[in-house]
Each structure stands twice: as C-alpha cells, then as structure tokens.
Amino acid sequence: MKSHTNTGSIEEEIENAGLIIKQFGYWPDFHDAEIISLKFDRNFEGRNPTIYMELYAFEMTGQLKGRHYKQIKHCLIEFAFFEIGINEIDGFNHQNAIDSLKFNKEEGFLSCEINGAYGVDGIITAKRIRVNTLKSISK
C-alpha cells in the first residue's frame with residue numbers, strides 16, 4: 001500500500017528531498033518506518049545545535065507475504081535538523097516504529113512531528129532540514 005502525505009509541497013522546503021522522491025517515486029508518510037538513531041550535536045565551537053535522525057524506511061505493497069504485506073524499496077535515510085527551535089523527544093526504545101513523520105512550516109521554522117507507533121515520538125523544529133544521505137538496502 002502506498003502512503004502519501006497531504007502536505008502540499010513541504011518537501012520543497014527540505015534540502016535534498018529529491019533523494020527520497022527518487023527512491024519512492026513520491027513523498028511518503030514513513031508509515032511503519034523505524035528510527036534507528038538520534039544524535040544531538042551542540043557543535044563544540046559554539047555554533048547552532050544540530051540533530052541527526054537516521055530512519056529505516058520502505059514501501060509497503062498491497063501483496064501479502066505470509067501474514068504481512070510485502071515491503072519494497074528498503075533504505076536508510078539520514079535527516080539533519082539545523083538551528084534547532086524545539087525538540088521534545090520521548091520513548092526511545094529498541095524498535096522505534098512510527099506511524100508517520102509529518103513535516104510542516106510555520107513562523108519561520110520547519111517542523112517534523114514524529115508520531116510514534118511503538119517507541120519514540122515527539123517534535124523537532126529547525127530553521128533548515130536536509131536529507132543528508134539515502135542508502136538503498138537489498139532485503
């Protein structure tokens with residue numbers, strides 16, 4: 001099943017968002033993705049703090065494979081959040097499956113709402129968000 005967000009063109013605000021669109025063919029809602037890591041970097045030289053989030057993502061098809069839907073387009077994505085405004089993170093655990101990531105823009109900040117399914121959830125706001133890397137995985 002393809003999941004599409006209804007955020008309009010928020011991906012145009014995210015640097016290198018084209019890497020994700022190239023992988024999936026659209027901007028996904030990241031349903032059932034798993035957050036692998038979160039790194040908070042205050043930048044030793046006193047520059048603006050940055051948060052790095054690594055995410056394991058895939059596309060779920062409508063085809064059953066055993067008792068589960070078949071997954072394709074597996075990848076690891078690293079997001080970077082620059083000039084942090086708000087960061088409220090809770091529940092980080094051994095899985096961190098999410099229902100969705102919702103990106104928005106308001107009052108000069110981009111926001112990423114992490115809607116947890118099992119594990120981490122929260123919100124990060126930043127002046128800039130960038131897709132640092134996207135690595136396809138064979139599964």
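Arg-128 is partly exposed, with a relative accessible area of 32%; the term covers values between buried, under 20%, and exposed, over 50%, computed with a 1.4 Å probe on protein chains only. The model is predicted, so local features need pLDDT of at least 70 and side-chain atom pairs count only at pLDDT 80 or more, whereas totals for chains, interfaces and linings use all residues. Residues are numbered from 1 along each chain as its sequence is written, and side-chain values use heavy atoms, with hydrogens and water left out.

**Salt bridges**

- Side chains of opposite charge can pair when their charged atoms come close.
- The count comes to three salt bridges, each defined as a side-chain nitrogen of Lys or Arg within 4 Å of a carboxyl oxygen of Asp or Glu.
- Arg-128 pairs with Glu-15, and their closest N and O atoms are 2.7 Å apart.
- Because Arg-128 belongs to strand E6 (residues 121–136) and Glu-15 to the segment before H1, this pair ties together parts 113 residues apart in sequence; helices (H or I, at least four residues) and strands (E, at least two) are DSSP runs numbered from the N terminus.
- Glu-15 is partly exposed, at 30% relative accessibility.
- Glu-13 and Lys-105 form a salt bridge through their side chains, at 3.3 Å from N to O.
- This pair links distant parts of the chain, 92 residues apart: Glu-13 is in the segment before helix H1 (18–24) and Lys-105 is in strand E4 (residues 97–106).
- Glu-13 is partly exposed at 37% relative accessibility, and Lys-105 is partly exposed at 48%.
- A salt bridge also joins the side chains of Glu-59 and Lys-73, at 3.4 Å from N to O.
- Glu-59 lies in strand E2 (residues 50–65) and Lys-73 in strand E3 (residues 68–90), so the pair connects parts that are 14 residues apart in sequence.
- Glu-59 is buried at 5% relative accessibility, while Lys-73 is partly exposed at 29%.

**Nonpolar core**

- The largest nonpolar core has 31 residues, and Phe-30, Phe-79, Phe-81, Leu-101 and Phe-103 have the most contacts inside it; such a core is a set of buried Ala, Val, Leu, Ile, Met, Phe, Trp, Tyr and Cys residues joined through side-chain atoms within 4.5 Å.
- At least two residues of this core come from each of H1, strand E1 (34–41), E2, E3, E4, strand E5 (109–118) and E6.
- E3 gives the most to this core, with five residues.
- Leaving aside neighbours within four places in sequence, Phe-79 is in contact with residues including Ile-20, Trp-27, Phe-30, Leu-101 and Ile-129, where contact means heavy atoms within 4.5 Å.
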